[in-house]
Amino acid sequence: MPISRRNLFAASAGLAMATAIGDIRTANASTELATVQMPGVIRRKVGTIEVTALLDGYMEMPAALFKAPEDEAARLAWKQFQPASPRLSPVNAFLINLGERLVLVDTGAAGLFGPTLGRTPQALAAVGVKPEQIDAVLFTHMHPDHVGGAIDPHGNAVFSNAEMIVSEADFRYWHDDTALNQAPDAFKPFFSGARTVAKAYEKRLTQFSGETELLGALGTVPLPGHTPGHTGFVVHSGDDTLLIWADIVHHAAFQFAHPEWGPAFDVDGTLATASRKRAFDQAAHDRILVAGMHLPFPGFGHVALEKGEYRFVAAEWPYDL
Ligand SMILES: [Zn+2]
């Protein structure tokens, strides 16, 4: 029976009555509350390719991190039923099964970004994938919430058989001592994190630049600004296209309405805004599915453009693949 207002209320009334006469009483009263979340995993198909969203956890991002007027930020947060500040930003990674190869796009943060992150290993275990089965680790950029999961607490590679693939521009930036010295103190650890990860994979490291094809199946889309080599990846198969756009959005409630509201840790905020608008325009115009590392889990959806305003439309979760 479809749920209508009327039968929903009728059902509630019935429940109240049943409780009153003691039919339901203390169902499952001996079952303890779980208190912890299950691993977050959702699969979907892009043509014949399988893409699995993996939830690494969340980070707290105070509204003040965004270049946004406080009252307008609070109004948008309220409209989206969110506290004004801080708000929780999910961190997603994506596993791509190309058939003959398993590719992990970003790895979550592990211990590099606080205790609310680092659950990608549990998510991978939940889909039956062992770290040694990963053939390639593809980085959208080298911020700690994206690369931290590639190393263990001793700085050793977690993915023992994986090739690490990253853009030349990002690799160069995070190894540039002048950039390190000029960075605000709060962001200096980002450099050591990126360098430790790169060192762990130095013998099987591949760099790419510009628009190119990787692993015979994935296209690269340079989206610079957030970091110099920040890159999206296109998964295309049959009639389906998915753009994994990485960190084009950190806060869906703010940045679809105001693409110019970048986070304070953008390396080049002006360029990041231009990349964000370009990605929004392309996704809206071509009606392609996008996936984001900080879009609400599982991070899949579309960009609508109506009367000059962008809007995020979360994708349905497929049940059967
Ligand atoms: Zn990020």
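Guide: A residue is called buried when its relative accessible area is under 20%. In this predicted model, W245 is buried, as is F256.

Visitor: What makes W245 and F256 an aromatic pair, and why is the pair called tilted?

Guide: Rings pair if their centres lie within 6.5 Å, and those of W245 and F256 are 6.2 Å apart centre to centre. Planes under 30 degrees apart would count as stacked and planes over 60 as edge-to-face. The angle between these two planes is 35°, so the remaining class, tilted, applies.

Visitor: Which parts of the chain does this pair tie together?

Guide: W245 lies in strand β11 (residues 240–246), while F256 is in the loop between α8 (252–255) and α9 (269–286). The pair therefore ties together parts that are 11 residues apart in sequence. Ring pairs also link W245 and F256 with F280, Y310 and F312 into a cluster. In total, the structure holds 15 aromatic pairs.

Visitor: How do you know which residues coordinate the zinc ion?

Guide: A donor has to be an N, O or S atom within 2.8 Å of the metal. D145 (OD), H146 (NE2), D247 (OD) and H294 (NE2) coordinate the zinc ion at 2.1 to 2.3 Å, so they meet that cut-off. Along the chain, the donors follow the spacing D-H-x100-D-x46-H.

Visitor: Why is the arrangement of the 4 donor atoms called irregular?

Guide: The angles they subtend run from 87 to 175°. Water is not among the atoms, so a site may look incomplete.

Visitor: Do D145 and H146 count as buried or exposed, and at what values?

Guide: D145 has 5% relative accessibility, and H146 has a relative accessible area of 1%. With the limit at 20%, D145 counts as buried, and so does H146.

Visitor: What makes E50 and R43 a salt bridge?

Guide: The test is a side-chain nitrogen of Lys or Arg within 4 Å of a carboxyl oxygen of Asp or Glu. The closest N and O atoms of E50 and R43 are 3.8 Å apart, so the pair qualifies. E50, at 23%, is partly exposed; R43, at 36%, is partly exposed too. The structure holds 7 salt bridges.

Visitor: Why are R172 and E168 said to be separated by about one helical turn?

Guide: They are 4 residues apart in helix α5 (residues 168–174). R172 counts as exposed because its 53% is over 50%. E168, at 33%, is partly exposed.

Visitor: How do you know that the salt bridge of D177 and R195 links distant parts of the chain?

Guide: The closest N and O atoms are 3.0 Å apart. D177 is in helix α6 (residues 177–182) and R195 in helix α7 (residues 188–200), 18 residues apart.

Visitor: Why do β1 and β7 count as edges of the sheet?

Guide: The open sheet has 7 strands in the order β1-β2-β3-β4-β5-β6-β7, with mixed pairing. β1 (41–46) and β7 (205–208) each have a single partner strand, so one side of each lacks a neighbour in the sheet.

Visitor: What makes β4 and β5 a pair?

Guide: Pairing takes at least two bridges. Strand β4 (residues 102–105) is joined to strand β5 (residues 136–138) by 3 bridges, so they pair. The two run parallel, and L104 stands opposite V137 in β5.

Definitions and conventions: Residues are numbered from 1 along each chain as its sequence is written. This is a predicted model: local features need pLDDT of at least 70, side-chain atom pairs count only at pLDDT 80 or more; totals for chains, interfaces and linings use all residues. Side-chain values use heavy atoms; hydrogens and water are left out. Donors are N, O and S atoms within 2.8 Å of the metal (3.2 Å for Na, K and Ca); water is not among the atoms, so sites may look incomplete. Four donors count as tetrahedral if all angles lie between 85 and 135 degrees; four count as square planar and six as octahedral if opposite donors are over 155 degrees apart and all others between 65 and 115; anything else is irregular. Buried means under 20% relative accessible area, exposed over 50%, partly exposed in between (1.4 Å probe, protein chains only). Rings of Phe, Tyr and Trp (its six-membered ring) pair if their centres lie within 6.5 Å; planes under 30 degrees apart count as stacked, over 60 as edge-to-face and the rest as tilted.
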